[in-house]
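The sequence and the model come next.

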Amino acid sequence: MGMMKEFKEFAVKGNVIDLAVGVIIGAAFAKIVDSVVSDLVLPLVGAVIGKLDFSNLFVVLGTVPAGTAMTLDALKKAGVPVFAYGNFITVAVNFAILAFIIFLMIKQINRLKKETPAAPAATPEDVMLLREIRDSLKNR
């Protein structure tokens, strides 16, 4: 029973629950960023560079069977080895945008966490009395 009790204490701790919530929110956030990258950013970058579709950038590394379309999906289905560097570009851009957004979020959170310097604590009464005695002795 000792192990079950320890596991229950571990599973119910706030840190584990916070971690679970963070993972769930992170997964949802990753979908949002993936959509921003693939649906908004990459089409704009492709339009500026010359209507490139990064997902279809690849180099064929093997022989292509007759009748196979020269698209990444068709080549992969046919079992042809391809060097799909376009997918890597998409993932790298996705990571850069995600990292930048997280940086901005952390920066904002840290800015909000900064506390204004607290006023100095009031001097204890016994110290005040000792100062008065000292000043009184100096004036004699």
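## Overall architecture

The secondary structure of the protein comprises five helices and two strands, where helices (H or I, at least four residues) and strands (E, at least two) are DSSP runs numbered from the N terminus. In sequence order the pattern is α-α-β-α-β-α-α. This is a predicted model, in which local features need pLDDT of at least 70 and side-chain atom pairs count only at pLDDT 80 or more, while totals for chains, interfaces and linings use all residues. Residues are numbered from 1 along each chain as its sequence is written, and side-chain values use heavy atoms, with hydrogens and water left out.

The radius of gyration of the protein is 31 Å, whereas a compact globule of 140 residues would have one near 14 Å. The radius is taken over C-alpha atoms, and the globule rule is 2.2 Å times the number of residues to the power 0.38. The C-alpha trace spans about 110 × 55 × 25 Å along its principal axes. Of the 140 residues, 11% are buried; buried means under 20% relative accessible area, exposed over 50%, and partly exposed in between (1.4 Å probe, protein chains only). Contact means heavy atoms within 4.5 Å. Among contacts between residues at least 6 apart in sequence, 46% join residues at least 24 apart.

## Nonpolar cores

A nonpolar core is a set of buried Ala, Val, Leu, Ile, Met, Phe, Trp, Tyr and Cys residues joined through side-chain atoms within 4.5 Å. The largest one has six residues: Val33, Val37, Leu42, Phe54, Leu57 and Ile97. Helix α2 (residues 14-49) supplies three residues, the largest share of this core. Another core, of five residues, lies apart from it and includes Phe58, Leu72, Leu75 and Val80.

With neighbours within four places in sequence left aside, Phe54 is in contact with Leu42, Val45, Ile49, Gly86, Asn87, Ile89 and Thr90.

## Helix α4

Helix α4 has 29 residues and reaches 41 Å from its first C-alpha to its last, close to the 42 Å expected at 1.5 Å a residue. The expected span is 1.5 Å times one less than the number of residues. Gly86, Thr90, Asn94 and Ile97 are buried in α4.

Is Phe88 buried or exposed? Phe88, which is placed in helix α4 (residues 85-113), is exposed, with a relative accessible area of 59%. Phe88 and Ser55 are 33 residues apart in sequence, and their C-alpha atoms are 8.5 Å apart in space.

## The loop at Ala78

Ala78 sits in the loop between α3 (72-77) and β2 (82-83). Its relative accessibility is 37%, so Ala78 counts as partly exposed. Leaving aside neighbours within four places in sequence, Ala78 is in contact with Pro65 and Thr68. Ala78 and Gly62 are 16 residues apart in sequence and 11 Å apart from C-alpha to C-alpha.

## Side-chain pairs

Rings of Phe, Tyr and Trp (its six-membered ring) pair if their centres lie within 6.5 Å; planes under 30 degrees apart count as stacked, over 60 as edge-to-face and the rest as tilted. The count by this rule is one aromatic pair. The ring centres of Phe83 and Tyr85 are 6.3 Å apart and their planes are at 35°, so the pair is tilted. Tyr85 is partly exposed, at 33% relative accessibility.

One salt bridge is counted, defined as a side-chain nitrogen of Lys or Arg within 4 Å of a carboxyl oxygen of Asp or Glu. Asp135 and Arg134 form this salt bridge through their side chains (3.3 Å, N to O). Asp135 is partly exposed at 34% relative accessibility, and Arg134 is partly exposed at 43%.
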